[in-house]
Amino acid sequence: MEYVQPKGKVELLTFSMAKNREEREQQVLDNANKILAELEQGKNVAFATLGDAMTYSTFGYIYAIIKEKQPQLEIEIIPGVNSFTTLAAISKTILAENRESLHVIPSFKEEDVEHAVFPENSTTILLKTYRSRKALVSRLKKEKEQYPNIQIIYGEHLGLEGQKLAYSLEEIESIPETYLSMIMVKK
Ligand SMILES: C[S@@+](CC[C@H](N)C(=O)[O-])C[C@H]1O[C@@H](n2cnc3c(N)ncnc32)[C@H](O)[C@@H]1O
């Protein structure tokens, strides 16, 4: 936003991360309606978000509502740098190359962690790890016992103030859980 130096009004929209689905959906609808109200006054609106707007982003829900209510509206989507490509660049780790596959897991329920699979010759990105991090770390400890060469990289607040990287499970364990954090597993 600093780069494009917006000339118009800048409004911060809050999106609930509450467990209650109805509460979250209502807030998305309220925010979409705020945008629609501006558009109906003939204004141009830009929606800025962290990372890439088309990758596990709240933007997807806003986009669906606006497209439905204003099907003729011209919408341009500018690709963003997503959080895991940022982690790869900052930690100077190849995300995937040659025949390696790339897996992105948006979140784990604690009870599913035990069954998590980390295929060989792959990079697995674990987003939203704050919800089940303890269980994930103990699952990864077992994986490391079996495959000592796996590489595990933790990143939080990447590209932002408070950016932090960690390269061992012991260190990851000692860091307080936070929403903007992820783990990359290379096997
Ligand atoms: C709803 S997803 C958003 C993904 C985002 N649209 C992207 O392109 O990466 C939210 C999760 O992405 C990860 N994330 C997003 N931004 C991050 C950042 N700056 N640093 C670390 N993790 C981040 C975290 O795992 C967080 O829980």
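**View 1. Contacts of L126.** L126 touches I105, F108, F118, L136, M182, I183 and V185, leaving aside residues up to four places away in sequence. Contact here means heavy atoms within 4.5 Å. The model is predicted: local features need pLDDT of at least 70, side-chain atom pairs count only at pLDDT 80 or more, and totals for chains, interfaces and linings use all residues. Residues are numbered from 1 along each chain as its sequence is written, and side-chain values use heavy atoms, with hydrogens and water left out.

**View 2. The largest nonpolar core.** This core has 18 residues. Those that touch the most other members are L126, L140, I152, I172, I183 and V185. At least two residues of the core come from each of α4, β3, α5 and β5. Helix α4 gives the most, with four residues. A nonpolar core is a set of buried Ala, Val, Leu, Ile, Met, Phe, Trp, Tyr and Cys residues joined through side-chain atoms within 4.5 Å. Buried means under 20% relative accessible area, exposed means over 50%, and partly exposed lies in between (1.4 Å probe, protein chains only). Helices (H or I, at least four residues) and strands (E, at least two) are DSSP runs, numbered from the N terminus.

**View 3. Helix α4 and its neighbours.** Helix α4 covers residues 133-146, 14 residues in total. From first C-alpha to last it reaches 20 Å, close to the 20 Å expected at 1.5 Å a residue. The expected span is 1.5 Å times one less than the number of residues. Its buried residues are R133, A135, L136, V137, R139, L140 and E143. These buried residues pack against β2 (122-126), β3 (151-156), α5 (169-174) and β5 (181-186). An α-helix has 3.6 residues a turn, so residues three or four places apart point the same way.

View 4. The side chains of K141 and E173 meet in a salt bridge, 3.0 Å from N to O. The pair links distant parts of the chain: K141 sits in helix α4 and E173 in helix α5, 32 residues apart. K141 is partly exposed, at 29% relative accessibility. E173 is partly exposed too, at 46%. A salt bridge needs a side-chain nitrogen of Lys or Arg within 4 Å of a carboxyl oxygen of Asp or Glu. By this rule the count comes to eleven salt bridges.

View 5. K186 forms a salt bridge with E100, and their closest N and O atoms are 3.7 Å apart. K186 is buried, with a relative accessible area of 13%. E100 is partly exposed, with 27%.

**View 6. A network of salt bridges.** Salt bridges link K9, E11, K34, E38 and K43 in a network. Within it, the side chains of K9 and E11 meet at 3.8 Å, N to O. K9 is exposed, at 59% relative accessibility. E11 is partly exposed, at 44%.

**View 7. Aromatic rings.** Rings of Phe, Tyr and Trp (its six-membered ring) pair if their centres lie within 6.5 Å; planes under 30 degrees apart count as stacked, over 60 as edge-to-face and the rest as tilted. By this rule there are four aromatic pairs. F15 and F47 form an edge-to-face pair, 6.2 Å centre to centre with 70° between the planes. F15 lies in the segment before α1 (21-40), F47 in the loop between α1 and α2 (59-69), 32 residues apart. F15 is buried at 18% relative accessibility, while F47 is partly exposed at 26%. F47 and F59 form a tilted pair, 5.6 Å centre to centre with 45° between the planes. F59 belongs to helix α2, twelve residues from F47 in the chain. F59 is buried, at 10%. F15, F47, F59 and Y63 form one aromatic cluster.

**View 8. A charge over a ring.** K187 lies over the face of Y147, at 3.8 Å from the ring centre. The rule asks for NZ of Lys or CZ of Arg within 6 Å of the ring centre and within 35 degrees of the ring normal.

**View 9. Around M17.** M17 lies in the segment before α1. M17 is partly exposed, at 43% relative accessibility. M17 touches R24 and Y179, not counting residues up to four places away in sequence. M17 and Y130 are 113 residues apart in sequence and 12 Å apart in space, C-alpha to C-alpha.
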